[in-house]
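Subject: A structure for you to look through

Hello,

Here is the structure I promised to pass on to you. Please open it next to this email and follow along as you read.

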Amino acid sequence: MHHTVISPIREPLVEGAKTYHQITEDICSPAERAPNLLWIVGFVLSLITLGFGLACIFITIWWGIGTWNLNRTIGWGYDITNFVWWIGIGHAGTLISAILLLFRQKWRTGVNRAAEAMTIFAVMCAGLFPIIHMGRVWLAMFILPYPNTRGPLWVNFNSPLLWDVFAISTYFTVSLLFWYTGLVPDLATLRDRATGLRKKIYSFVAFGWTGSAKHWQRWESLSLVLAGLATPLVLSVHTIVSFDFATSVIPGWHTTIFPPYFVAGAIFSGFAMVLTLMIVTRKLFNLQEYITLAHVESMNKIILLTGSIVGVAYLTELFIAWYSGYVYEQFAFYNRALGPYWWAYFGMMACNVLSPQFFWSKKLRRSVVFTFWLSIFINIGMWFERFVIIVISLHRDYLPSSWSYYSPTWVEIGIYIGTFGLFFTLFLIFARVAPVIAIAEIKHILKTAGDQYTGPNATVHHHDDHGQSESVEANH
Amino acid sequence: MKTEKEVLFGLYNDEVDLMKAIKVAKDDHLEIMDVYTPFPVHGLDDVMGLSESRLHIAGFIFGALGTLTALGVMSWVFTRDWPIIFGGKPYFSLPAFIPITFELTVLFASIGMVVTFYTICGLGPGVVNPILDTRITDDKFCLAFETDGLNTSEVDNLKRFFNTTAAAEVHTKSISN
């Protein structure tokens with residue numbers, strides 16, 4: 001007999017007594033109806049911001065990096081801060097889809113699709129910055145090791161900056177493959193519901209998916225192995241990003257704590273961004289029954305954990321700076337908290353260490369409005385963290401005559417704003433043309449994690465003394 | 001050359017009914033053409049007697065290829081083609097090669113597996129495979145038999161099978177081979 005697993009502790013992951021068909025209807029409908037006013041307004045605003053960002057990128061490339069306020073002392077400013085920030089945000093998607101898959105966390109199914117899309121778009125935003133920062137972008141291919149007419153002169157395989165090139169391009173490719181392979185069966189669902197030109201387009205992108213049992217078996221095998229590969233990959237990416245700093249000899253940078261601390265921070269900011277987006281998306285597309293308060297609470301618990309790890313890392317850094325007895329390191333951290341950029345340090349501490357502690361309260365963890373605002377605070381805090389690490393560590397050089405101060409020009413700010421335009425433009429297009437929730441995967445967990453599943457073969461629960469359940473065949 | 005084949009298929013409303021039907025079909029030694037479902041049904045491959053997918057073996061081979069490519073190229077470049085001393089380190093500095101080696105292992109394994117998956121499944125951009133019913137990607141579970149070369153009594157036997165196994169609908173369709 002078919003047994004349904006009902007946990008007395010866990011909340012249902014799909015609410016509202018859905019049938020398989022109702023799930024298809026609910027999740028496909030945003031892609032099948034005309035966009036609402038809110039979407040159009042958001043899309044136009046995103047396009048305008050994107051256009052402004054492109055103009056600023058054009059100015060940078062046309063006139064050179066001189067349009068930024070970087071100087072001889074502070075060679076990394078907004079560019080690398082934004083790069084690390086976006087890469088960090090791009091970590092939650094793979095964490096949700098890969099690590100939580102390996103841990104058999106069923107709640108991932110409600111949010112994995114959108115989180116993976118977010119990952120891909122965030123990595124695109126991140127990748128822009130190092131490329132523009134090269135100055136002469138038309139020579140960007142010099143970072144790739146290919147046989148060339150310059151010797152052949154090779155890249156430096158011992159450099160963390162080159163490891164970054166490999167890590168981020170691999171991460172982007174694998175995330176894209178993982179995401180798209182998951183999307184194919186759902187695109188087939190859209191294809192089979194569409195007519196006319198839309199059917200032709202969805203036919204093309206659905207790759208001829210039929211739902212054959214053998215294909216599903218291979219698809220599951222592929223997903224599992226890709227998850228197994230993506231798990232160490234996602235941990236390696238921010239580890240390697242942290243090597244950009246940790247392998248240098250700059251006080252405040254060359255610390256061995258960086259890899260785990262960066263990874264925790266990346267997951268922290270990534271989940272905050274997932275929450276910001278999903279809270280808006282579930283409201284906009286009426287998906288509250290799929291992205292439930294239980295999902296919000298689960299993500300808030302991860303935020304609380306990773307936020308606390310980040311907090312411990314900040315304090316460990318301070319302690320080790322003092323304990324090392326190394327005056328340059330001690331000065332770097334004294335200056336970090338009490339120097340000219342004290343506001344960035346305290347912004348970081350308040351947003352990253354103090355604010356997630358509110359989530360010890362179950363009531364606040366389950367408050368959508370509170371979570372939304374807190375997720376924005378966390379992302380501001382994580383931006384400050386990268387600014388603190390990069391700019392504060394650089395602005396007091398070994399030679400006091402080189403001491404400097406950095407504030408961005410409008411061009412630098414414009415490029416940063418432009419990446420929001422890119423991110424939201426892509427996300428809004430994605431939310432319009434593809435299912436934002438993995439339809440097949442939700443159907444897969446419906447019977448084991450759905451609320452009062454009422455379709456055929458539903459299990460009716462009698463709350464008798466023995467807690468036994470009984471299966472009832474529905475009429476055909 | 002395009003050839004057509006006749007397919008008789010039943011649509012079930014639930015995966016539990018489908019699984020029961022497959023068991024009956026297996027017991028009756030009926031030759032199932034294929035089973036189509038809207039989502040991966042747990043235990044379906046066991047009931048159908050599908051052998052385990054060997055896709056992960058392909059993944060391992062591609063991954064090993066990535067490892068060897070990365071280590072090989074970096075070692076050759078830094079010890080043979082253009083040896084340069086970086087910070088007094090040896091030419092062959094294995095620890096510094098690990099990050100790129102790891103990334104290329106993952107990259108090769110992922111791309112290789114995904115390409116293998118689409119190739120062996122006959123899927124790809126623009127591919128159009130025959131669809132028996134558009135609701136298979138929604139909420140119908142389909143069990144299909146090929147009826148070419150079967151006589152009337154054998155086809156009737158299959159129809160009877162669908163009736164006794166509570167198929168919600170039974171249809172025939174000729175699809176291109």
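Chain B contains five helices and four strands, where a helix is a DSSP run of H or I with at least four residues and a strand a run of E with at least two, both numbered from the N terminus. Read from the N terminus, the order of the elements in chain B is β-α-β-α-α-α-β-α-β.

Before you go further, please keep in mind that this is a predicted model, in which local features need pLDDT of at least 70 and side-chain atom pairs count only at pLDDT 80 or more, while totals for chains, interfaces and linings use all residues. Residues are numbered from 1 along each chain as its sequence is written, chains are lettered from A and ligands numbered from 1 in the order in which they are written, and side-chain values use heavy atoms, with hydrogens and water left out.

The overall form of chain B

Chain B is divided into domain 1 (4-51 + 128-176) and domain 2 (55-121), with bounds that come from an automatic or database domain assignment. How many Å separate the centres of domain 1 and domain 2 of chain B? Taken over C-alpha atoms, the separation is 45 Å.

The C-alpha atoms of chain B fill a box of roughly 85 × 35 × 30 Å along the principal axes. The radius of gyration of chain B is 25 Å, whereas a compact globule of 177 residues would have one near 16 Å. That radius is taken over C-alpha atoms, and the globule rule is 2.2 Å times the number of residues to the power 0.38.

Of the 177 residues in chain B, 47% are buried. Here buried means under 20% relative accessible area, exposed means over 50%, and partly exposed lies in between (1.4 Å probe, protein chains only). As for contacts (heavy atoms within 4.5 Å), 80% of those in chain B with a separation of 6 or more are between residues 24 or more positions apart.

The nonpolar cores

A nonpolar core is a set of buried Ala, Val, Leu, Ile, Met, Phe, Trp, Tyr and Cys residues joined through side-chain atoms within 4.5 Å. The largest one has 167 residues, and those touching the most other members are Trp86(A), Phe245(A), Phe271(A) and Leu143(B). Why does this core lie between domain 1 and domain 2 of chain B? Because both domains give residues to the core. Another core, of 17 residues, lies apart from it and includes Val155(A), Leu162(A), Met74(B) and Leu104(B).

Take Phe271(A) as an example: leaving out residues up to four places away in sequence, Phe271(A) touches Ala92(A), Leu95(A), Ile96(A), Trp107(A), Met299(A), Ile302(A) and Ile303(A).

Thr170(A) sits in helix α6 (residues 160-193) of chain A and is buried, at 1% relative accessible area. Residues up to four places away aside, Thr170(A) touches Leu233(A) as well as Glu103(B), Val106(B) and Leu107(B).

Met382(A) belongs to helix α14 (residues 368-395) of chain A and is also buried, with 0% relative accessibility. Beyond its neighbours within four places in sequence, Met382(A) is in contact with Trp85(A), Gly265(A), Phe268(A), Ser269(A) and Asn352(A). The C-alpha atoms of Met382(A) and Phe268(A) are separated by 8.4 Å, although the two are 114 residues apart along the chain.

Salt bridges

A salt bridge is a side-chain nitrogen of Lys or Arg within 4 Å of a carboxyl oxygen of Asp or Glu, and over all chains the count comes to 15. Here are some to find:

- Glu289(A) and Lys18(A) meet at 2.5 Å, N to O. Glu289(A) is in the loop between α9 (258-284) and α10 (293-324) of chain A and Lys18(A) in the segment before α1 (20-32) of chain A, so the pair ties together parts 271 residues apart in sequence. Lys18(A) is buried at 6% relative accessibility, while Glu289(A) is partly exposed at 31%.
- Glu441(A) and Arg108(A) meet at 3.3 Å, N to O. This pair links helix α16 (residues 439-449) with helix α5 (residues 108-133) of chain A, 333 residues apart.
- Glu297(A), Lys362(A), Arg365(A) and Arg366(A) are joined into one network by salt bridges that share partners.

Enjoy exploring!
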